[in-house]
Structures are given as C-alpha cells and as structure tokens.
Amino acid sequence: MARFTLPRDVYHGKGALEALKTLEGKRAIICTGGGSMRRGGFLQKVEDYLKEAGMEVELFEGIESDPSVETVMKGAEAMSKFQPDWIVAIGGGSPIDAAKAMWIKYEYPETTFEDMCKVFGLPKLRTKAHFCAISSTSGTATEVTAFSIITDYNKGIKYPIADFEITPDVAIVDPELTHTMPHKLVAHTGMDAMTHAIEAYVSTANCDYTDALAIHAIEMIQESLVKSYNDDEASRDEMHNAQCLAGMAFSNALLGIVHSMAHKTGAVFADYGAHIIHGAANAMYLPKVIAFNAKDPEAKKRYGVIADYMHLGGSNDDEKVQLLIKYLRKMNDDLNIPHCIKNYGSDGLPAENGFVPEEVFLERLHDIAANAILDACTGSNPRQPSQEEMEKLLKCCYYDTEVDF
Ligand SMILES: NC(=O)c1ccc[n+]([C@@H]2O[C@H](COP(=O)([O-])OP(=O)(O)OC[C@H]3O[C@@H](n4cnc5c(N)ncnc54)[C@H](O)[C@@H]3O)[C@@H](O)[C@H]2O)c1
Ligand SMILES: [Fe+2]
C-alpha cells in the first residue's frame, strides 16, 4: 500500500492570502524570517487578516536562512508560553521549515532533535495546534511537503525531518509574495523546484499520482523559469504554482542523491565564509547525478520520458539523457549559476576561484560522501552509490568533469 498526502486546503492565485480570514481559532503565532515579508507589507496583512478572524496574534521574527537547531528550540519556547492553536509560517523555505520543527517540540516538549530526525517516526501532532504555511519563494514547496530541513551547525550538517505529520493543514500559494524576489533567489529556488520534479519522477517511490504532478511541473518550469528570472510577471506567477506541484510530487515520491549531496555540502564549508545555497547546489549536481543514475535502465527510460515531454529530441534513450543534461546546463548558464563547486563564488555566482579550496574539499570528501549516503534522500534514488562512487561523483561536482562510471 502506498500513501499520498497533501494539505487539506491549498489556496492559490493572486490575493489568496485573504484566506487567512477564514481560519478558526483563538491564538495564532506568526513565524517569519529576516524582514522581507515585513518590508513587502505582507506581514502586516497576515496580522490584520488573523485579527479579523478573531484571533490574538503574536510574532516570532528573525528566523535565519538555513535555520539552526537553536532557533527551533527558541521558537518552541515562545510557542509554549503563548499556547497558540494556529502556527502561521510565512516566508521562504527557511522560516517555514523552522516553524514545522518548532511545532513538533511545542506539541512534545520532551522531544530531542535526534528524535525528530527519525524518518517517518513522529508522534501525532495537532493535539495543540494546526499549521498554515505561506510561501514567498518559488522552490522548496515546503508549504505542501512532509519535510523540514534543519542545520546542526556543530556538525555542519543539514538534517531532513520527514513525516506526513508535518505536512501543513493549510497552504497559501499567493504569487504576489514572490514579486520582490531578487534574481539570484529566483534562479536558485527555481532550480531547486526543477530538481524536486526530476528526482521525484525517477525516484523508486514514484507512482501514477506523483508522475502526473512531476511531469507537469517540469513542463511549466521549462516554460517559465528563465522568463521569470528575466522579470516576466506572468512567468513569475506560473513558477509559484509549478514549484508547488513539484512539491506535491516529491513529498510523496521522495527525492534522490542530488538532495543528499546538497544537504551534506551546504553547510560543511561554512567555516570558509559561505554556504553553498541549496538550490544552487542542486543545479550544479543534477546533471552529474542524471549521468550517474542513467546507468540504471529504468531511470534511463524515465529520463527519456522527461526529455520527450520537454521536446528535446533524440532518437534513443542515451541521446535523450545527453540532451537533458545539456539543456539543464544551459539553464544554469541562463540563470548565472556555476557548473561546479570549484567555480562557486562566496556570493553564489560563477567565479574563477570559488570559496571552497581544493585541499579542503579533498580533505573532507570522505566524510561528506559517507554522510550523503546516510541522508534520508538516498534510499529512494534509482541507483545506490557505494562510498567510492559517491566520492567520485562529488569530485565530478567539484571539478565539473564527466561522469563515466
Ligand atoms: N522542506 C522542504 O521540503 C525543503 C525542500 C527544499 C529545500 N528546503 C530548505 O529550504 C531552505 C531554503 O529556502 P528558500 O530557498 O526558500 O530560501 P530562504 O527561506 O532561506 O530565504 C532566502 C532569503 O530570501 C529572502 N526572501 C524570501 N522571500 C523573499 C521575497 N519574496 N522577496 C525578497 N526576499 C525574500 C529571505 O529573507 C532570505 O534572506 C534551505 O534550508 C533548504 O534546505 C526545504
Ligand atoms: Fe530542495
């Protein structure tokens, strides 16, 4: 038996934010990030709508990008003082993910972070609060997913929390919130969404329900992402739906080793002054992983189907895989995303010399590979890499060399 779970309600389209007026409850805590939602006037609107719904409202602001375990614990403490029956998270993937983890700790104060990370092992939530997620970036789709990514900075590792218990009750997908996104954020989050859709389609947990969503999302992202990056408003709006469909697909079909590698390289070089931003990491690793996975016959066939839906041509599956890789690399060029870690600048843009020194990468390679294999996303990848293969694959992602194994 397979399970397919989504939020009870998805409000979408311009002005969908107003749906907040219909929530029923006594107290709502709003969780948000560093200020983009306040500056855009959206935070005020959320507060007003919730008050109009008759709720007492409290704010928990300042959730950082790639949120830490410490932030999660602080937020849970604020919740336990205020006792909300609604948690309303607004912003990019970071504040929404953090609020999901806070929710677990609020409902079960004795839970440790290690407990939360047991895949599909959470106790029943909703004994104290329901959860509404409002996304302001077009990529993570955390407003509809069963995932939350929290970083343990002591270990330099991002951990996915995965359980349908944290699939939000209500998702609000209002494209107006995304109009203020700077170009780089559009590029990175958009390629995150493309990676979600492609990994979900070739995942070993794919099914008819997720396939339909993944393929349609891929077609929409192909049509809209670069145009959205170049400030076409209709395409920006389309991307907000596309990433949400991709999220519905991967929340149920799971992901693969592009994400395993992104999770394990994202924060591990933070002591050299920067993160490898999640979406950019995915964009760089995706073509390499496609070449690696295509050695699996079923995965190769599925990449061929993707190439067909994208009208890339090719007369057999080998050619189609190559054309898909070529197309995705061209998208990276159009979006000003580097092709490899060696050329990944501390600002996320292509650079002659990236911020991760070669000797540091090689020194940490063994552990990164071992951790990537253990990541929750590895199990559903169509081809299971050995330690040696994962190290080779990561090297290809560092140097931008061809994957021929
Ligand atoms: N839960 C999931 O299913 C899932 C899936 C993929 C990634 N993730 C995680 O999500 C996080 C990344 O989330 P993200 O890419 O949405 O970015 P983010 O939430 O980290 O935000 C990045 C920056 O963009 C700003 N920002 C957000 N919305 C904006 C807007 N509309 N206008 C202007 N600025 C805006 C934020 O203030 C922040 O400074 C990572 O930690 C990643 O690992 C989660
Ligand atoms: Fe992602």
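Visitor: What should I know about the model before we start?
Guide: It's predicted, so local features need pLDDT of at least 70 and side-chain atom pairs count only at pLDDT 80 or more, while totals for chains, interfaces and linings use all residues. Residues are numbered from 1 along each chain as its sequence is written, and chains are lettered from A and ligands numbered from 1 in the order in which they are written.

Visitor: What makes Val258 buried or exposed?
Guide: The count of neighbours decides: a residue is buried if 20 or more other C-beta atoms lie within 10 Å of its own, exposed if 12 or fewer, and partly exposed in between, with C-beta atoms placed from the backbone. Val258 has 28 other C-beta atoms within 10 Å, so it's buried. You'll find Val258 in helix H9 (residues 257-265); helices here are DSSP runs of H or I with at least four residues, strands are runs of E with at least two, and both are numbered from the N terminus.

Visitor: Which residues is Val258 in contact with, beyond its neighbours within four places in sequence?
Guide: Thr195, Glu199, Asn282, Tyr285, Leu286 and Val289. Contact means that the two C-beta atoms, placed from the backbone, lie within 7 Å.

Visitor: Why is Asp296 called partly exposed?
Guide: Because Asp296 has 17 other C-beta atoms within 10 Å, which falls in the in-between range. Asp296 is in the loop between H10 and helix H11 (297-309), and it touches Pro382 and Arg383, not counting residues up to four places away in sequence. From Glu233, 63 residues away along the chain, Asp296 is separated by 39 Å, C-alpha to C-alpha.

Visitor: How do you know that the length of helix H7 agrees with what it should span?
Guide: The expected span is 1.5 Å times one less than the number of residues. H7 (residues 208-229) has 22 residues and should span 32 Å; its end C-alpha atoms are 31 Å apart, so the two agree.

Visitor: Where is the kink in H7 centred?
Guide: On Ile221, with a bend of about 35°. That bend is the angle between axes fitted to the seven residues ending at a residue and the seven starting there. H10 has a kink too, of about 40° at Tyr285, shortly before the proline Pro287.

Visitor: What makes you say that H10 is mostly covered?
Guide: The tally: 16 of its 16 residues are buried. In H11, the buried residues are Ala299, Arg302, Tyr303, Gly304, Ile306 and Ala307, and they pack against H6, H7, H10 and H12.

Visitor: What is worth noting about the phi of Ala141?
Guide: Most residues other than glycine have a negative phi. Ala141 isn't a glycine, yet its phi is positive, about 60°. Ala141 lies in the loop between strand E5 (130-135) and E6, and with 32 other C-beta atoms within 10 Å, it's buried. Asn336 also has a positive phi of about 60°, but Asn336 has 13 C-beta neighbours inside 10 Å and so counts as partly exposed. Its place is the loop between helix H12 (317-334) and helix H13 (358-374).

Visitor: Which residues come nearest to ligand 1?
Guide: Gly92, Gly93, Ser94, Thr137 and Phe147, out of 29 around it. A residue is near a molecule if its C-beta atom, placed from the backbone, lies within 6 Å of it. The shell divides into five nonpolar, 20 polar and four charged residues; nonpolar covers Ala, Val, Leu, Ile, Met, Phe, Trp, Tyr, Cys and Pro, charged covers Asp, Glu, Lys and Arg, and the others, Gly among them, are polar.

Visitor: Which domains does that shell draw on?
Guide: At least three residues come from each of domain 1 (9-178) and domain 2 (183-399), with bounds from an automatic or database domain assignment. The C-alpha centres of the two domains lie 25 Å apart, and the contact takes 25 residues from domain 1 and 28 residues from domain 2.
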